[in-house]
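Dear colleague,

I am passing on a structure that you have not worked with before, and I would be glad if you read the notes below with the model open beside them.

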Amino acid sequence: MTDKKKGAQFQLTSRFVAILIGLLIIVNLAFVTISLYSVYYYLADQAKEIAATLEDVPQATNDWEGLVDVTIAKNEEDAVRIILTDGPTYYSKDGKEIFTELAQGTALPVFKGIILMDDEVYYFRRHEQNERIVDIAVHGNTVIEMMMRMLVTSVLLNLLAVLIGSCIIYFFVGKWSRTLQQMTQEMKEIELTNDQEKLLSVPETPSEIRQAASSFNQLLGMQREGQFVTDASHELRTPLTAIRGHVQLIKRRGAAHPEVIAPSIDFIDKESKRLETMTNQLLLLGKHRATQLCQEIDFSALVYQEVQKLQASCPQEVTFDIAENIHLYADEMELQQICQNLFGNARKYSTTDETIHIRLVETDMIRLEVQDTGEGIPDEMKERVFERFFRVDSSRSSKVEGSGIGLAIVASIVEKYHGQLTVTNNQPKGSIFIVAFPKKMKNSS
């Protein structure tokens, strides 16, 4: 629960709710203030209207009792008191009791004329007219109750708005949060697997996250290119250093000891061929994603041809089980590259008295299996063998022929065709490299 509270979804939603509640409190306070002043001026206008009605009445009228009752006909809870300068005082119905209670009520300092008494609210105003004093008390409970009902309704609507708004923002922030979580998970996978081809998924929206993912992929590409150049330089430097060493040996001792020339030339020839192979494979690794001429290939015949080449060139026993009439829509040279690298890898890491078995079958997918009985690959290194220049035993890298990027080339080509490349343990020892292609494979370039 603590981790969830630290998440962007919870944090942004809680902040949104806090801001929304704060704004609604300000709005409702403004509503209450405006409503109170509106009620106050409404009661004041009512009092002025009653006073205006009485102002035109002559002083000498004989029906003051009837007049004061008529003025409060709209609201019997209002009260009017007329004090004649040279005569008696007249009250409207129940007016005397109301004015007596008002005298004991509490006047509000902010709203001049508002008097509170028990559960009643009155607006009191005194007018001096033509040798008489007119006191008016306007009952305000009805208006205030209406205002309170409006306020309660407003508060309920505000709470509903907060609830709905919170759900909406939680949903949309959750979508963005899941996108960020996916990016974080992909970053961890890239860090753990050291996959040289994997990139972050780039979402369409929001634009900020899309730009961040694109920028990260660009930086990742630059880093990988830099690492690739570093690794390539290191791998190329090794045979170059050895060649230069033998050249210097011939220069220093060749004249006096001609017997060192032939072995040195043989070594130079071997290392130069290794450089040529490595250079070609580096070029192939960089260009394999370019558009190729794809066509329907008889994969069964192609694998059989490569197995025959392997049998003719390697000392190990090579057995095979190749199903017939398996076809793929692909580039023929890339399929040959897959076979040659996997077969060559099995030959290099198997001793002369061991067996290599090639199997091609078609089930739910088209599967090419290359089984050897060599030393095998530790489980913790099975994912890394497809990285550029990675060797399971670095101490053997100079003793075993190859550039160290053959499996990386295979992995890149298989990924291009949306296939799967895995390595498992062979029994009782050795490894099985498995390439699985979709049955209805189309050109993915």
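Over how many bridges do E5 and E6 pair, and in which sense, parallel or antiparallel? In this model, which is a predicted one, E5 and E6 pair over eight bridges in the antiparallel sense. One place to look for that pairing is Phe-124, which stands opposite Ala-137 in E6.

Before going further into that region, here is the overall picture. The protein has 445 residues, of which 38% count as buried, and its secondary structure comes to 10 helices and 13 strands. Among the contacts with a separation of 6 or more, 63% are accounted for by residues 24 or more positions apart. The accessible surface comes to about 26,500 Å², and carbon and sulfur atoms hold 56% of that surface.

The antiparallel sheet

E5 and E6 belong to an open sheet of six strands with antiparallel pairing, whose order is E2-E1-E6-E5-E4-E3. At its edges are E2 and strand E3 (106-107), each of which pairs on one side only.

Helix H4 (residues 95-103) has as its buried residues Gly-95, Ile-98, Phe-99 and Leu-102. Seen down the axis of H4, these buried residues fall within an arc of 95°, and they therefore line one face of the helix. The face turned away from that buried side carries the exposed residues Lys-96 and Ala-103. The helix lies across E1, E2, E4, E5 and E6, running at about 90° to E1, and its buried residues pack against strand E1 (79-84), strand E2 (89-91), strand E4 (114-117), strand E5 (120-129) and strand E6 (132-139).

Val-68, in helix H3 (residues 64-71), is buried with a relative accessible area of 0%. Leaving aside residues up to four places away in sequence, Val-68 touches Val-80, Ile-82, Tyr-91 and Ser-92. The C-alpha atoms of Val-68 and Ala-79, which are 11 residues apart along the chain, are separated by 8.4 Å.

The mixed sheet

Another open sheet has five strands in the order E8-E10-E11-E13-E12, and here the pairing is mixed. Why is one side of strand E8 (317-322) and of strand E12 (420-425) left without a neighbour in the sheet? Both stand at the edges, and each has a single partner strand, so there is no neighbour on one side of each. Neighbouring strands of this sheet are turned by 15° against each other on average, direction ignored.

E8 runs parallel to strand E10 (residues 355-362), to which six bridges join it, and within that pair Phe-320 has Ile-358 in E10 as its bridge partner. Helix H8 (residues 299-313) lies across E8, E10, strand E11 (366-371) and strand E13 (431-437), running at about 170° to E8. Helix H10 (residues 406-416), for its part, lies across E12 and E13 and runs at about 135° to E12.

A residue in helix H5

Finally, please look at Asn-158, which has its place in helix H5 (residues 141-193). Is Asn-158 buried or exposed? Its relative accessible area is 16%, and Asn-158 therefore counts as buried, the limit being under 20%. Not counting residues up to four places away in sequence, Asn-158 touches Leu-24 and Asn-28.

Technical notes:
Residues numbered from 1 in each chain as written. Predicted model: local features only at pLDDT ≥ 70, side-chain atom pairs only at ≥ 80, totals over all residues. Heavy atoms only, no water. Pairing = 2+ DSSP bridges. Helix = DSSP H or I, 4+ residues; strand = E, 2+ residues; numbered from the N terminus. Axes fitted to C-alpha atoms, helices over the stretch in contact; angles between N-to-C directions. Contact = heavy atoms within 4.5 Å. Buried < 20%, exposed > 50% of the residue type's maximum accessible area, 1.4 Å probe, protein only. Arc of directions from axis to C-beta. Areas by Shrake-Rupley, 256 points an atom, 1.4 Å probe, with all protein chains shown as cover.
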